[in-house]
Amino acid sequence: MLKKRVSRSLLAYVLLGGTLAGCSGGGTEAEPALDTTESAGTESLSLPIVEKPITIKWYQRNYVETELKSMGEMEAFKELEKRTGIHIEFVHPPNSGNNEALNVMLATGDYPDVIFWDWAGVPRGLTGLINDGVAIKLNDYLDKYAPNYKKALEKYPEVKKYVTLDDGTYPSFFQLDPDPMRTSYNGLIIRKDWLDKLGLQPPTTIDEWHNVLRAFKEKDPNGNGKADEIPYSIAKAPSGTALGGIGSGMSEFTAAWGILDGFYKDPASGKLLYGPLQPQYKDYLTTMANWYEEGLIDSEFASTDSKGLTTKLQNELVGTTYGSLGSLIGNTTTVARTKNPNFSLIGVKPPIGPAGKPYNYAASTIQKVGLSAIISTSSKYPKEIVRLIDYMYSDEGQALLNWGIEGKSYTVKDGNKTYTDDIMRNKDGKAPQQAIYHYATPVFGHTKVMEYDAWSQISLPFPEQKESIKTFASADTSLNTPTTLSFTAEESSTLGSIMSDINTYKQETVLRILMGTDPVSKIDELQERLKSMGIEEAGQIYQAAYDRFNARK
């Protein structure tokens with residue numbers, strides 16, 4: 001139960017909210033008065049937020065569509081409405097993983113009240129939304145109506161650079177991810193039971209990786225008497241995690257040479273460099289081409305999607321891969337152990353190569369924020385929405401969104417929260433990740449602080465996963481740069497025209513070299529062509545944006 005207590009400073013806030021209640025935020029209807037009841041404390045605003053219930057439209061993908069038709073059916077949001085007096089009407093575009101539906105909606109000029117999205121993948125991003133008059137600036141609202149969000153940013157000061165634009169504008173409310181143990185979920189993964197069977201240790205260097213892959217190919221670790229093992233496989237090349245890069249297949253190994261497959265930070269100078277232009281890129285690609293020629297890399301990696309990779313793993317064909325602890329180690333292990341109880345996947349550190357360190361490849365490890373919610377200029381209720389979202393960052397709101405309903409989806413003992421049997425041992429046979437979708441959002445982001453304990457209880461059910469994330473988190477992140485850089489309209493336009501052609505050309509050329517269609521000597525031509533296509537100009541733009549990011553306060 002929320003304790004009612006009023007501080008002098010909060011009372012002043014409440015009175016101010018009352019004086020502002022009659023102001024109109026747009027449209028012909030007057031805004032409902034802000035509630036002036038007693039507060040739950042300085043860290044929580046007065047509840048309910050409005051005297052008369054209101055409805056706002058909230059646009060985002062339905063991350064729980066396998067369980068619920070709308071996120072509004074989730075118990076956390078039902079309870080949120082009871083507490084605040086604000087009904088969230090979720091508007092879900094097709095959950096296709098692209099921005100097409102979003103772009104169509106934005107082009108109409110008819111915006112919902114709130115849009116929660118991954119703006120890093122949208123041209124011009126949050127800067128463009130502010131400059132184009134789609135989203136409101138939150139600066140003035142935060143001081144008056146968002147004490148919990150501000151408190152979170154003070155608690156995690158390393159996050160602040162990620163939530164503002166270069167000019168100090170607060171454009172949106174971010175999913176906050178301050179714990180690297182929560183974000184270190186991607187890395188190299190290997191069959192531990194195959195290593196044990198062959199008397200091998202997890203590889204730590206590029207040479208050891210080569211030896212392990214050869215052993216997996218030649219010594220029948222799956223024990224079926226056939227030479228059908230695929231030493232290394234991945235899903236078809238994903239977008240690169242380095243700035244400006246695009247996955248070229250095997251690009252996760254570039255870090256062993258002290259580079260990444262796109263723009264990365266040079267540890268010596270602190271400047272951004274473009275990996276494929278560096279001399280060591282030729283050595284890296286030569287090694288990968290040799291591995292492919294030896295049959296150590298899946299011949300179908302360029303066409304295998306994530307479902308195909310999962311099937312190969314579950315069918316005991318793949319020995320090593322790259323991906324996430326949840327979807328690969330967790331889901332694959334759950335299925336594979338129904339046939340082979342000894343099946344075991346573990347994460348390993350990035351290999352040490354000529355660069356001499358186990359450099360991390362995945363930018364997600366250092367990314368302190370995720371998706372974020374803008375409040376559109378069309379909304380009549382900006383103050384109420386700010387207070388609603390701010391409540392999600394309070395202790396009570398955070399518990400609600402991360403854990404659900406106390407006594408139903410979680411219990412508290414000695415100050416520690418634990419999911420109930422209804423979640424972890426669901427009577428209907430639902431996996432914990434499915435069961436929790438009916439109550440809360442600990443696995444995917446929202447406008448809240450992501451909690452490692454809530455996420456890990458659901459996402460890391462196997463001991464191998466908990467150990468693996470520690471391994472991933474211990475990698476050297478000196479090469480990594482944030483993905484949340486802000487570009488001007490002119491910079492965005494220039495980058496779009498340069499990098500689109502460069503990424504396509506590089507992707508196709510690197511794949512031909514790796515698969516032996518073109519000789520490795522083709523890399524010299526590749527590097528010269530990249531310069532003629534404008535990669536150096538793109539590098540200057542990235543550097544300028546990175547410098548502005550570092551100058552943020």
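**Entry 1: a strand pair and its sheet**

I looked up Tyr 232 and found that it stands opposite Thr 320 in β9. The model I am reading is a predicted one. I then asked in which sense β6 and β9 pair. Strand β9 covers residues 318-324, and β6 pairs with it in the parallel sense over 2 bridges. I recalled that strands of a sheet pair through backbone hydrogen bonds, either parallel or antiparallel.

**Entry 2: Ser 233**

I moved on to Ser 233, which I located in the loop between β6 (230-232) and β7 (263-265). Is Ser 233 buried or exposed? Its relative accessibility is 0%, so I recorded Ser 233 as buried, the cut-off being under 20%.

I then asked which side chain joins that of Ser 233 in a polar contact. The partner is Asp 298, at 2.7 Å. Leaving aside neighbours within four places in sequence, I listed the contacts of Ser 233 as Asp 298, Leu 309, Val 318, Thr 320, Thr 321 and Tyr 322.

**Entry 3: the nonpolar cores**

I looked up where nonpolar residues gather. In soluble globular proteins, nonpolar side chains tend to be buried together. The largest nonpolar core here has 139 residues. Those with the most contacts inside it are Ile 56, Trp 58, Tyr 149, Phe 173, Leu 176, Met 250 and Phe 253. Helix α20 (residues 489-514) supplies the largest share of this core, 9 residues. I also noted a second, separate core of 17 residues, which includes Ala 235, Leu 328, Ile 329 and Ile 469.

With neighbours within four places in sequence left aside, its contacts are Ile 86, His 87, Ile 88, Glu 89, Asp 113, Val 114, Tyr 381, Ile 385 and Leu 388.

**Entry 4: salt bridges**

Side chains of opposite charge can pair when their charged atoms come close. How many salt bridges does a search of the whole structure find? The search finds 23.

I examined Asp 166 and Arg 548, which form a salt bridge with their closest N and O atoms 2.8 Å apart. Asp 166 lies in the loop between α7 (160-163) and β4 (173-176), and Arg 548 in helix α22 (residues 535-551), so the pair ties together parts that are 382 residues apart in sequence. Asp 166 is partly exposed at 27% relative accessibility, and Arg 548 is partly exposed at 25%.

I then turned to Arg 214 and Glu 218, whose side chains meet in a salt bridge of 3.7 Å, N to O. Both lie in helix α10 (residues 206-218), and because they are 4 residues apart there, about one helical turn separates them. Arg 214 is partly exposed, with a relative accessible area of 36%, whereas Glu 218 is exposed, with 52%.

My next pair was Asp 421 and Arg 425, with a salt bridge of 2.8 Å, N to O. Asp 421 is partly exposed at 48%, and Arg 425 is exposed at 63%. I also recorded a network in which salt bridges that share partners join Asp 166, Glu 491, Arg 548 and Arg 552.

I found Asn 139 in helix α5 (residues 139-145), partly exposed with a relative accessible area of 28%. Which backbone nitrogen does its side chain reach? It is that of Tyr 170, at 2.8 Å. Beyond neighbours within four places in sequence, Asn 139 is in contact with Gly 168, Thr 169 and Tyr 170. The C-alpha atoms of Asn 139 and Ser 172 are separated by 9.7 Å, and these residues are 33 apart along the chain.

Last, I looked up Pro 279, in the loop between β8 (272-274) and α11 (280-293). Pro 279 counts as exposed, at 63% relative accessibility. Its C-alpha atom is separated by 9.9 Å from that of Trp 257, 22 residues apart along the chain.

Notes
Residues numbered from 1 in each chain as written. Predicted model: local features only at pLDDT ≥ 70, side-chain atom pairs only at ≥ 80, totals over all residues. Heavy atoms only, no water. Core = buried A, V, L, I, M, F, W, Y, C linked by side-chain atoms within 4.5 Å. Buried < 20%, exposed > 50% of the residue type's maximum accessible area, 1.4 Å probe, protein only. Contact = heavy atoms within 4.5 Å. Salt bridge = Lys/Arg side-chain N within 4 Å of Asp/Glu carboxyl O. Polar contact = N/O pair within 3.5 Å; in protein donor to acceptor, adjacent residues only side chain to side chain. Pairing = 2+ DSSP bridges.
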